[in-house]
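Work through the exercises below with the sequence and the model open. Each task is followed by a solution in steps.

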Amino acid sequence: MTQWSGYLGLILQGALVTIELTLMGSVLALVMAFLAGMGRVSRFFIVRALATTYIEFFRGTSIFVQLFWAYFVLPFAGLSLTPLQAGVLALGLNVGAYAAEVVRGAILSIGREQYEACTALNLGRWQGMRHVILPQALLVMLPTFGNNAIELLKATSVVSLISLADLTFQAQVVRSQTGSTLMPFVSVLVIYFVLALILSWGVRSLERRMARGVDGVRV
């Protein structure tokens, strides 16, 4: 029993790394999603082109290749990253590309009358976007953002390929040391499921709070 408790401790250490990756990767993904998503609806061609290039590149290439580039190839360009930094960069940029289309779609889903009302109130483009359009669009984005966060959580398992001691990596360590597959991977399965439930609950709670205040934003 003492032996197995020690192995469970290893898996819990991996869970902390997975949580760290998920939180930091989600922050980067959120920033990139808004930059690229709003870039896609920009009036300027060069901004739209850059945003589209980013989105299509990271959606059209494998997360494995992106991770290997971040960790193994960038050092040749003089940018050496730790395994954690490489993991956060690859995950954040990859998921951010998918979430950017969520931002774009949510902004375009807001009724034309809201844009016309902003014009009637003499609000500038940025003022109208910030105070009227985005608060309403955020409510549309949140459910899919929750899905994106859960996808990022599950995708963290790829960082085990660059020897970052996340949940999957630690499960493999326990498996190699004990010869047991059931115990480590059942533990990992349960932990991933619990973390996904926590993310879902957090997003739903935020969505309910925002829904109560968004009606006051419509003009």
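**Exercise 1.** Identify the buried residues of α3 and state how they are placed around the helix.

Solution. The buried residues of α3 are Ile63, Gln66, Leu67 and Ala70, where buried means under 20% relative accessible area with a 1.4 Å probe, protein chains only. Viewed along the axis of α3, these residues fall within an arc of 100°, so they line one face of the helix; the arc is taken over the directions from the helix axis to the C-beta atoms. Their cover includes α2 (45-60) and α4.

The model is predicted: local features need pLDDT of at least 70, side-chain atom pairs count only at pLDDT 80 or more, and totals for chains, interfaces and linings use all residues. Residues are numbered from 1 along each chain as its sequence is written, and side-chain values use heavy atoms, without hydrogens and water.

**Exercise 2.** Decide whether Asn94 is buried or exposed, and list what it touches.

Solution. Asn94 belongs to helix α4. Its relative accessibility is 11%, so Asn94 counts as buried. Leaving out residues up to four places away in sequence, Asn94 touches Phe58, Thr61, Ile63 and Gln66 (contact: heavy atoms within 4.5 Å). Two of these, Ile63 and Gln66, are among the buried residues of α3.

**Exercise 3.** Describe the largest nonpolar core and the elements that build it.

Solution. A nonpolar core is a set of buried Ala, Val, Leu, Ile, Met, Phe, Trp, Tyr and Cys residues joined through side-chain atoms within 4.5 Å. The largest one has 17 residues, and Leu21, Leu91 and Val159 have the most contacts inside it. Two or more residues come from each of α1 (2-40), α3 (63-73) and α4 (83-109). The most, 5 residues, come from α4. Apart from this core lies another of 15 residues, including Ile107, Leu134, Ala137 and Phe145.

Next, take Leu21. Beyond its neighbours within four places in sequence, its contacts include Leu84, Val88, Leu91 and Val159.

**Exercise 4.** Determine whether Thr168 is buried or exposed, and name its contacts.

Solution. Thr168 is part of helix α7 (residues 167-178). With 16% relative accessibility, Thr168 counts as buried. Not counting residues up to four places away in sequence, Thr168 touches Ser157, Ser160 and Tyr192.

Key: Buried < 20%, exposed > 50% of the residue type's maximum accessible area, 1.4 Å probe, protein only. Helix = DSSP H or I, 4+ residues; strand = E, 2+ residues; numbered from the N terminus.
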